Structures are given as structure tokens and as C-alpha cells.
Amino acid sequence: MTSDPNVYAYRGRHLLTAYHDRHQHIPNVDLSTVTPVLQNPAPSPDLPVGVIGTGTAGLYTAMIFESLGIDYHLIDADAPGRVGGRLFTYHFPNGGPYDYYDVGAMRFPDTPFMKRTFDLAKNRNLKLTLIPYILQMIAPSANTWLLYNNARASNQVPSVTDDPFSVSSYVTDSSLRTPQGVSTKVEEVLQPFRDLFRTSPAGTPDMASAMDVLFEQTNNFSTRSYMFQNGTSADDINWCETIDKSTGWYDRAFTETIIESLAFNWPSTPLPGPEQPKSDPSQGWYCFDGGSSTLPQAMFKSLSPQAQQDTEFLSPVTAISRDPTKEVMRLSINGTQSPREYSAIISTVPLPRLSLMDLTGVNINDNYAQWSAIRELQYGPSVKVGMKFSTPWWETALPMPIHGGQSFTDLPIRTVVYPSYPAGAQPQNMSKVLIVSYTWTQDAERMGALINSDGTARPELLELIFRDLAAVHGVTVDWLKSFYTEGDYFAWDWLHNPLTMGAFAFFGPGVYDTNDVYSEMLQPAARGKLFFAGEATSTCHAWVAGALDSAWRAVDQYLALNLPDYQQKFWDLWGPTEYWDESDNQDLIALNRKLMERHLVIGLHKDGVKME
Ligand SMILES: Cc1cc2nc3c(=O)[nH]c(=O)nc-3n(C[C@H](O)[C@H](O)[C@H](O)COP(=O)(O)OP(=O)(O)OC[C@H]3O[C@@H](n4cnc5c(N)ncnc54)[C@H](O)[C@@H]3O)c2cc1C
């Protein structure tokens, strides 16, 4: 781990500060004068805190509560024992130990942003093993492929010709004819903003000012509109998007594209290109040996046997309500008569699913700003299809073997991801599972329409995949099918999965800063008895680290309003917040507390709690 600053933390600070500036009319009262109001009537001391969701945010919340001796109860809509939510490793039946693929999160860069993920991964009690993940092979062994405009080129830089994809009559800027040209162009667009955060021998920049400039200059743009107003033609933008991302990606917030590029490639590194791995091995990419599900499974097993046994699966929450006379929170479960009772609730349910619950009993529909945030925040769609073959033909049967990395195409499958595990294995022990298609945004919406909710797909999807896979690798469909046994595939569409309804939060232009979407989701509801966590409620959204950070923040809020005496122990055990993650800087941590407390006060004020 290097001392690179945590850009997501600064994004959080910026958003919190801007939010407070916009709500200066709300009295700045001391939180300790509010908490007694919230304790009247006192919550029932015998009731646990209800934690909805056993994804990483829910399990992390449970681990924290357990360490503090706070009674809690986990509840999830998924199948018995199926913890992890969007950490989901699919093991092929009758396969070898590495015949699996990660349907959700699969790769983790060891950067400051991912601190909580790596802290957990290295927690000896969890007994997890990280193995290197090859994001992209590097020339001269970059044997993966690029296929665009029906022309195929090796990913090896030297073999790429002047116009490998014959696009000279489509693109206006001749430098964009090669993937390197596109990469340089994208870099040019991003570089002024990436440079704001550049770490140099002279030290780190003023991160707070850098974040102010970033938001001021990019917040209201989509990537497309920013490039357009800077003089790039529509055709060139489309071509850049095709090579660089997925269809429609450039219509989302430009700040998302910039910050993602920082996560994938922190600007202190010398390598060009937005998605190149870091050259510093300490900043490499990793995956979990045995698949990403090993993380939530280990987290769940670390809980007390009683808590594991009491966890209620197959229990979709349909309504959250508060009984003001007894100060009891209630959860209604589909298919059951009597609601469950709790002293408080932490919901880690993805926001699209939350928006379908009956929240009238906690007055969220009366709180226009918060309700709008839950309703409006866009999630990105994503689809992954994995196939098991009789042999890893990409490693053993192609003229140029492929080990790890990705191939890219404008055909519907868009991205092929080769397994990089097990590390250093002989061909006979290698994984025989290939992610034959990984798609996002509009590409995923279309693939998803052919996928059923049980992991099967319409036959035409499989034919399409074989067609595209053969084209990308320059082989025939029959040759590929000679390694395939009918039915050895698993297809998953996160958009139409009823428990997520999207892959991860993906903000639109103008949503971050000049509008309260993000900050509203952080506020407690039900007079300090209902808290929202989960990936979307973190500045590091779309990452496991964000889900963990969000759990930290929700517990912190719960303690501040309900059990302030527990807070010091909590901070000692679980570190400082994602926003002010510099444990050596006590001034910043104190300032963060003030801002966070004020955030709670604003939320309670809007929720009708009298402040004076
Ligand atoms: C395709 C894909 C690729 C990704 N790649 C990466 C990556 O490479 N690296 C990375 O760090 N992150 C990645 N992510 C993001 C990461 O997976 C998420 O940020 C993280 O897992 C979210 O955790 P969570 O606990 O917030 O939500 P979830 O994991 O979604 O957990 C929510 C839980 O709530 C439950 N639930 C939903 N509705 C109800 C209900 N009504 N009642 C009761 N329970 C309910 C669900 O069953 C689920 O268990 C990826 C995600 C996807 C989808």
C-alpha cells in the first residue's frame, strides 16, 4: 500500500461540505441535545437491531455489532445460506476446484480506496487467500484480441497497423484509427483532471482544492457532452466510447468516468491508458482464491453460531414502519402474517429494490428529497455469461496462448475475460471456465433480454455467443463447440435480478453536487431509527470497499443517535470514516465528526424532529 491519497474520501468531504453550505438555514444545534428527544419514548431494550441484507454491507455491519456486543438480527430474501449478494461465485457442477467464475465482483486493486476490502482479506481469522489477478496482459505477451468493424487485431502493440479496423472513413480525427490513438485521446480528455490529483516527488497536491475544481468543471457534464463541447465530433466520441467503454457509458456523469479512471490507474504511475494495471506490484490487482464468495462466507462464519442460526433467509422485506407509541420498528416479510420488531433498522438493500418497499410507515414518501434520491439514482446494468469447456482451449490450443486479461469487440459479447487463476498452474489444472461475455450499460440491457432468472438463457443467446467468440479468436464455431457440452453455461443479468435491479450505482450528469441525491441517502429516517447502507450510499460506490465503508458510516450514525457511549470503542476497533481516513490527522477526524453530526441534524430536522 502506498501513501496515495484516497480520492473517494475527498469526494465524500466535498459532497458533505457542499450539502451543509446549501442547508445553512437549518439550525446548527448540538447533537447531544437532540438525542434525548429521540429516546422519548425509549426504544424497547430487549429488541435487536434489524439488519436487512447479507451482502458485504450487511455482514460487515453484523461483524461490527458483534464486536461491540450489540444485539442484531440478519434478514435476507435470498436462498438459505446464500450470503454475499453481489459477491456471487458460480461453481459449475462436476467441475474441478477452479471451474468457477465470479458473476459479480471479481477483481480488487490494492489501492488506498480499497483499504477496508484488503483489511478484511488479510484478516487472519477469516483465512482467505488473495491471488494476483491479471487485468490486462502486457506486450509482448498480450495475446488477447481486439475485433472491431469486423477486423481483428492482436492486442500486442507491435502488430497493430495504421488503421487496423478500417475506420478511416468514419472517424474525423485520423489519430483515432488505432486503439493507441483512442487511448491517447481519452487520456487527453481525462488528463487535466487526473493531473489535479497527481502525486509527484514534490508531494501530494491540495486534494480538497483539486476536488473543488473537478466538480466545478465536470459535474454537470456527461462524458459525451464534455467531449462534444471541447470540439470532438460525435462520430469520434462514439468511436472512443466503443473502444474505451460500453454503449451509452459516455452518457453518464463525466465525474464517474474520471474517478473510475483514477481507481483503475492512479496518476502517480507512468503507464499510459485508462485501464492499464499498475507497474508497482504492491498496487496490483488481486482476486480471491476460490472466488469472491469466499469473502462473505468467511465473514458470515466469523459471526457467533447463534447469530448464524438466527439469520432469516427467504424473507423479502416488503415494508418498513415505525410505531411511534412504543418506539418500535417493524419489518413486513412477504408471505408472513406478523411483522418482525426491532429497536432500529439498518437497510443494506440496493436502492432500486428499496424503492419498491412500502415506506409510508417511516414517512419517506413525505420527505421529497430523500424519496427522490432513492427513486432517482441510476444503477448500471451488467450481464456476465460463463461457460465451462472440456479444456482451457485459450491456454492450450491457440497459436498464441492467453493467460488472464481480456479481449474486446464491438460485437454483442463485448468483452471476454480469461481466468488468471490458479496462479502458476500447469494447463491440466487450469480453470476451464471462461467469461464469454461481460457487458455493461445498453449492451447489457440487450443481452439481458435473452436471459432467464434461473441462470439459463434463450438458445439464440448461446448461438450468438459462439458466433462472436469464434470471430474474436479467429476459429470456427464447430471447433469451439468441440470443447463444449450442452448446458455447461451460466448466464446472469443483474438488472433483472429481483434482489438488486441493477449492478451498481452509476450517477448521471449533474446529480452529485448541485443536487442532493447522494447526501440525502445518507440521512437517517424514522427519527433516527432507520439507516441506509450499501454500495450506492458510499462515495466509493460500485466497489466492495464502498459497501464496507457505507456499513461503517451507518453504524456510526446509529451509535451517535442511539448509543453514543459505544462510539469510542467502535472507532478504536474499526478505524475512522471513509471521508477522513487519515488516522494520524486528528484535526480532520474532529472536523469530520462535526460535519457528520450536522448531517444527522439536518436529516432529523427534515424528518420533523424539533431542534430547539
Ligand atoms: C457485475 C458486477 C461486477 C462488479 N465488480 C466489482 C469488482 O470487480 N470489484 C469490486 O470491489 N466491486 C465490484 N462490484 C461491486 C460490488 O459487488 C458491490 O459494490 C457490493 O458487493 C455491494 O454490496 P452490498 O452489501 O451493498 O449489496 P448486495 O451485495 O447487493 O447485498 C444486498 C443484500 O440485500 C438482499 N436483499 C435485497 N432485497 C431484499 C429484500 N427486499 N429483503 C431482504 N433482503 C433483500 C440481497 O439478497 C442481498 O443479499 C461489482 C458488481 C457487479 C454486479
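## Before you start

This is a predicted model, in which local features need pLDDT of at least 70 and side-chain atom pairs count only at pLDDT 80 or more, while totals for chains, interfaces and linings use all residues. Residues are numbered from 1 along each chain as its sequence is written.

## Three domains

The protein is divided into domain 1 (7–83 + 294–379 + 515–606), domain 2 (89–137 + 287–292 + 382–493) and domain 3 (167–276); these bounds come from an automatic or database domain assignment. Eleven residues of domain 2 are in contact with nine residues of domain 3, where contact means that the C-beta atoms of two residues, placed from the backbone, lie within 7 Å.

On the domain 2 side of this meeting, strand 18 (433–440) and helix 15 (441–448) each supply at least two residues. Helix 15 gives the most, with three. Helices (H or I, at least four residues) and strands (E, at least two) are DSSP runs, numbered from the N terminus. By class, this side of domain 2 has three nonpolar, five polar and three charged residues. Here Ala, Val, Leu, Ile, Met, Phe, Trp, Tyr, Cys and Pro count as nonpolar, Asp, Glu, Lys and Arg as charged, and the others, Gly among them, as polar.

## Around the ligand

The ligand is surrounded by 40 residues, the closest being Gly53, Gly55, Ala57, Gly85 and Ala105; a residue is near a molecule if its C-beta atom, placed from the backbone, lies within 6 Å of it. Why does the ligand lie between domain 1 and domain 2? Both domains give residues to the shell around the ligand, so it lies between them.

Helix 19 (544–562) gives the most to this shell, with four residues. The shell divides into 21 nonpolar, twelve polar and seven charged residues.

## A parallel sheet with a helix on it

Four strands form an open sheet in the order 2-1-13-21, with parallel pairing. At its edges are strand 2 (72–75) and strand 21 (530–532), each of which pairs on one side only. From one strand to the next the twist averages 20°. Helix 3 (residues 56–68) packs on the sheet and touches strand 1, strand 2 and strand 13, and its direction makes about 155° with that of strand 1. For these angles, axes are lines fitted to C-alpha atoms, for helices over the stretch in contact, and values run from 0 to 180 degrees between N-to-C directions.

Within the sheet, strand 1 (residues 49–52) and strand 13 (residues 344–347) pair in the parallel sense over four bridges; two strands pair if DSSP finds at least two bridges between them. Val49 has Ala344 in strand 13 as its bridge partner.

## Hairpins and a covered strand

Strand 10 (residues 317–323) and strand 11 (residues 328–333) run antiparallel and are joined by six bridges, with Val317 opposite Ile333. Their hairpin has four residues between the strands, and Glu327 takes a positive phi near 50° there. Strand 11 also pairs in the antiparallel sense with strand 12 (residues 340–342), over three bridges. In that hairpin, which has six residues between the strands, Gly335 takes a positive phi near 90°.

Are the residues of strand 16 (residues 406–409) buried or exposed? Gln406 and Phe408 on one side and Ser407 and Thr409 on the other are all buried. A residue is buried if 20 or more other C-beta atoms lie within 10 Å of its own, exposed if 12 or fewer, and partly exposed in between, with C-beta atoms placed from the backbone. Phe408 is the bridge partner of Leu146 and also pairs with Thr415 in strand 17.

## Backbone details to look up

Most residues other than glycine have a negative phi, and most peptide bonds are trans. Asn94 has a positive phi near 60°, and with 9 C-beta neighbours inside 10 Å this residue counts as exposed. Ala542 also has a positive phi, of about 75°, but with 24 C-beta neighbours inside 10 Å Ala542 counts as buried. A cis peptide bond joins Tyr421 and Pro422, with omega about -5°. You will find Pro422 in the loop between strand 17 and strand 18.
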